[in-house]
Amino acid sequence: MEKSTSNSKDGNVGTPKHGHENPDPKSESESQLAGESKTEEKDNVCNNAEENRAANSDSHMNHNQILEDVDRFFQSLNHSDVPGEAPNSVELLCKMTESMIDKYNEGQSSLIKFGKDPENDTSFSDALRRVSKLSNELGKYPVFNASVNRASSVLQRAMSFLEEEFRALLEDSKNDNKDSSSSSSDPKSQDKTSKQSSFNNNNNHEYSDRCVIGGDSDQQQQSGQASEEEFPGFSQETVSKLNTIANTMISAGYDTECCMAYSISRRSAFKAALEKLGYDSISIDDVQRMQWESLEGEIATWITIVRQCTAVLFPNEMKLSDSVFSDHPSISQSLFSNMARAFVIKLLDFAEAVVLTKRSAEKLFKFLDMYETLRDLIPVIGGESYPPEISKEMTTEATTAKSRLGEAAVSIFCDLENSIKSDNGRTPVPSGAVHPLTRYVMNYLKYACEYKDTLEQVFKQCHKVEDDNVDHPVEQSAHHWSQGDETGESQTTPFSKQLMSMMDLLDSNLEMKSKLYRDPSLSYVFLMNNGRYIVQKIKGSNEIHQLMGDTWCRKRSSDLRQYHKNYQRETWGKVLQCLAHEGLQVNGKVSKPVLKERFKSFNAMFDEIHKTQSTWVVSDDQLQSELRVSISAVMIPAYRAFLGRFKQYLDAGRQAEKYIKYQPEDIETFIDELFDGNATSMARRRT
């Protein structure tokens with residue numbers, strides 16, 4: 001049994017069974033390959049299942065998971081072992097971003113879609129930052145070209161959407177502040193506006209005062225008031241949206257597009273604000289062809305606009321720019337300064353054009369207004385809000401324009417000397433009244449001295465230019481500025497010296513004109529009238545009084561008193577001689593013929609004086625009263641004494657009435673009729 005078993009084993013090993021004694025080698029190989037193929041197919045099925053599960057898992061990633069996975073991918077790029085391909089989250093991020101853009105546009109009838117859901121806006125901005133980073137970072141690796149192209153396409157679409165939103169928000173500023181604009185019709189608002197100063201052109205006299213309240217320019221000031229309340233017209237919510245979009249576009253590398261959209265919109269809005277104030281671009285040729293009345297109105301508008309820019313528009317525009325680009329101060333500064341520069345240059349071009357117009361006396365005050373306006377503008381455009389190079393350029397341009405206005409103002413003011421010198425008419429003013437030249441010059445100087453500080457500046461400026469062109473020893477220059485006026489009362493300045501020079505010229509001219517009168521008494525009345533007018537004008541203006549000084553005024557008052565004495569001596573000296581007691585007695589007795597001749601001479605002289613001088617004019621009430629009182633103080637006592645002493649020597653009755661024509665009370669009444677400019681007063685008395 002044991003053997004048999006052993007034999008059996010041996011047989012199995014050494015001897016094959018029936019039918020398998022000689023197996024086929026080819027069949028054996030095919031069987032082996034088939035087994036391997038089944039194994040590989042099984043492995044592939046497993047791998048595909050894993051990939052599908054992974055894909056299904058990616059497709060169910062939420063917003064935050066996609067962003068986190070993309071962030072991990074960015075981190076892996078920092079290592080030397082760069083992945084062979086981008087993860088599926090990159091594509092999911094692109095699809096998610098596109099879906100967000102589509103969602104913004106779905107069912108939206110309004111132009112503005114961004115900003116209605118802050119949470120969605122934040123998610124959108126977060127996604128765009130990753131897309132932008134994908135577009136920039138993956139470009140370094142050629143293996144990711146497909147992903148770069150995909151991300152760039154999505155980013156381009158997103159930026160186009162944001163740029164449109166940015167423009168729409170900027171253009172929507174008018175709607176943001178409807179309530180504010182409508183409030184201008186509120187009674188309280190109107191009351192506030194009505195109290196604002198405005199600029200008006202006063203052309204009712206041959207000399208122009210500085211701008212006063214009233215006229216059509218009230219509308220300009222009201223517009224300025226409204227602009228101050230409304231400009232630039234963005235709510236805080238809108239500014240916040242603009243800031244978010246600006247930050248997103250700039251971080252994505254689309255700063256050029258963002259700045260271009262902002263610049264175009266704000267320049268248009270700023271121009272509209274200026275046009276609301278009356279701004280109109282006028283060429284140099286147009287300015288040269290304008291009549292002064294029209295140009296004066298344009299200057300008033302220009303002054304309003306520049307002052308509004310200085311006080312309201314520029315500061316508010318700068319605040320808006322700083323708020324929208326709060327994270328990018330250099331961009332904010334550049335945008336604002338470039339826009340401001342464009343408008344400042346245009347405004348300065350107008351000032352330059354005005355300077356080139358033909359100069360005349362009435363233009364002085366508008367030139368000085370423009371000078372003061374630019375003087376206030378220069379510190380604003382020279383501040384830290386502007387880049388140094390732009391600030392320097394604008395400041396230089398404005399300073400140049402201001403200097404030219406100052407030079408023109410000095411030239412116009414000094415030309416008043418020529419007006420005084422050239423007024424050499426040979427016809428005296430009737431009745432010894434104030435000469436038109438005196439009125440013109442003194443009113444002109446009075447109004448000019450309301451700009452005293454400004455004129456001091458422009459004269460010093462021009463004087464400095466002259467000094468720079470001429471070599472002066474240091475000692476001479478120091479002496480010049482420390483030298484007081486001829487009274488030693490105060491230091492002189494180029495302007496005050498010019499003013500005194502004009503007054504001296506006017507004095508000389510009036511002295512010459514006084515000699516045109518044949519009657520010396522009338523020449524003194526003429527000098528008194530004009531002298532009193534000058535003194536009263538100077539005393540009535542603090543500015544010109546400070547420049548001329550008290551000593552000058554006292555000297556003028558002394559001159560007036562001398563004219564007064566000369567008038568009394570010339571007019572009433574001969575009359576008083578008729579009332580003298582000397583020469584009436586012959587051989588110790590009063591001579592009636594001589595006495596009668598005295599009364600006749602007195603009556604004739606007094607009649608003639610009253611007839612003539614009642615037509616003369618003394619327009620100053622105080623001077624008129626002083627003259628009458630002084631005449632009465634001399635004449636009435638003398639006449640009363642003469643009449644009281646010598647009346648008895650005339651026979652009573654008709655003889656006395658023939659020679660004694662006036663009683664002392666009559667003399668006083670007639671004296672009070674002098675200098676009234678009334679040609680019929682004597683005739684009325686006689687009837």
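Reader: How much of the chain counts as buried?
Author: In this predicted model, 44% of the 687 residues of the chain count as buried. As for the surface, the chain exposes about 36,700 Å², and carbon and sulfur atoms supply 47% of that area.

Reader: And what is the chain built from, in helices and strands?
Author: The chain has 29 helices and two strands.

Reader: Switching to aromatics, how many pairs does a search of the whole structure find?
Author: The search finds 27 aromatic pairs. One of them is formed by Phe606 and Tyr662, with the ring centres 5.3 Å apart and an angle of 65° between the planes. That pair counts as edge-to-face because the angle between the planes is over 60 degrees.

Reader: Where do those two residues sit in the chain?
Author: Phe606 belongs to helix H25, which covers residues 592-613, whereas Tyr662 lies in the loop between helix H27 (654-659) and helix H28 (664-671). The two are 56 residues apart, and the pair thus links distant parts of the chain.

Reader: Are Phe606 and Tyr662 buried or exposed?
Author: Both Phe606 and Tyr662 are buried.

Reader: Which residues do ring pairs link into a cluster with them?
Author: Ring pairs join Phe606 and Tyr662 with Trp572, Phe602, Tyr639 and Phe670 in a cluster.

Reader: One more thing, what sits over the ring of Phe343?
Author: That is the charged end of Lys346, which is placed 5.7 Å from the centre of the Phe343 ring.

Key. Residues numbered from 1 in each chain as written. Predicted model: local features only at pLDDT ≥ 70, side-chain atom pairs only at ≥ 80, totals over all residues. Heavy atoms only, no water. Phe/Tyr/Trp six-rings, centres within 6.5 Å; stacked < 30°, edge-to-face > 60°. Helix = DSSP H or I, 4+ residues; strand = E, 2+ residues; numbered from the N terminus. Buried < 20%, exposed > 50% of the residue type's maximum accessible area, 1.4 Å probe, protein only. Lys NZ or Arg CZ within 6 Å of the ring centre and 35° of its normal. Areas by Shrake-Rupley, 256 points an atom, 1.4 Å probe, with all protein chains shown as cover.
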